[in-house]
Amino acid sequence: MGPDALIPISLFIAIFGIFYLYLSTRNKERLAMIEKGVDAGIFSQHGQNAIPTGRIIILNLALLLIGIGIGVFIALLLSTYTALRQDAIYPATIFTMAGIGLFVGFYMTKNLEKSQK
C-alpha cells in the first residue's frame, strides 16, 4: 500500500468521523432534552406551515447556477472589451455572481417562510 492510497482512506475516515460525531451528538442532545421534559414536537419540522426542504434546495441551487452563468457571461464581456487579465476576471466574476445568487436565494427563502406563517 503506497502513499497514494492513504489520501482516499484518510478522506473516508474524516467524512465518517464527521458524520458519526454529528449523529451521536444530536442523539445525546435529544435524549437530554427528552429527559428534561421538553416537548418532542420540536424535532419534526413537518407541520402544516413548514416548507419542504426540497423546494428550498432547488431554489438555492437554481439561483446559484443562474449566478454562475451570469458570472461567466459578464467575465466574457469584460475580457473581450477591456484590457483586464482574463485569468483574474473569470474566477472573480463567477464567485461574485454565485455569491449574489446565494444571497438572493437566502432572502427568497426567508420571504417564503414569512408567507407560510
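Reader: How many helices and strands are there in the chain?
Author: This is a predicted model. The chain has 3 helices and 0 strands. In sequence order the pattern reads α-α-α.

Reader: What share of the residues count as buried?
Author: 13% of the 117 residues. The accessible surface of the chain is about 9600 Å². Carbon and sulfur atoms hold 70% of that surface.

Reader: And contacts? What part comes from residues 24 or more positions apart?
Author: 55%, taken over contacts in the chain with a separation of 6 or more.

Reader: Switching to the surface. Which residues form a nonpolar patch there?
Author: I9, F12, I13, F16 and Y20. Together they have about 590 Å² of accessible area.

Reader: Where is I9 placed?
Author: In helix 1, which covers residues 6-35.

Reader: Why does I9 count as partly exposed?
Author: Because its relative accessibility is 38%. Partly exposed lies between the buried limit of 20% and the exposed limit of 50%.

Reader: Now S79. Which helix does S79 lie in?
Author: Helix 2, residues 53-81.

Reader: What does S79 touch, leaving out residues up to four places away in sequence?
Author: Q86, I89 and Y90. I89 is 10 residues from S79 along the chain. Their C-alpha atoms are 7.1 Å apart.

Reader: What lies 3.1 Å from a polar atom of the S79 side chain?
Author: The backbone oxygen of L76.

How values were computed:
Residues are numbered from 1 along each chain as its sequence is written. This is a predicted model: local features need pLDDT of at least 70, side-chain atom pairs count only at pLDDT 80 or more; totals for chains, interfaces and linings use all residues. Side-chain values use heavy atoms; hydrogens and water are left out. Helices (H or I, at least four residues) and strands (E, at least two) are DSSP runs, numbered from the N terminus. Contact means heavy atoms within 4.5 Å. A polar contact is a pair of N or O atoms within 3.5 Å; within protein, one must be able to donate a hydrogen and the other to accept it, and residues adjacent in sequence count only if both atoms are side-chain atoms. Patches are made of residues with over 30% relative accessible area and no salt bridge: like charges are joined within 9 Å, nonpolar side chains (Val, Leu, Ile, Met, Phe, Trp, Tyr) within 5 Å. Accessible areas come from the Shrake-Rupley method with a 1.4 Å probe; for residues, only the protein chains shown count as cover. A salt bridge is a side-chain nitrogen of Lys or Arg within 4 Å of a carboxyl oxygen of Asp or Glu. Buried means under 20% relative accessible area, exposed over 50%, partly exposed in between (1.4 Å probe, protein chains only).
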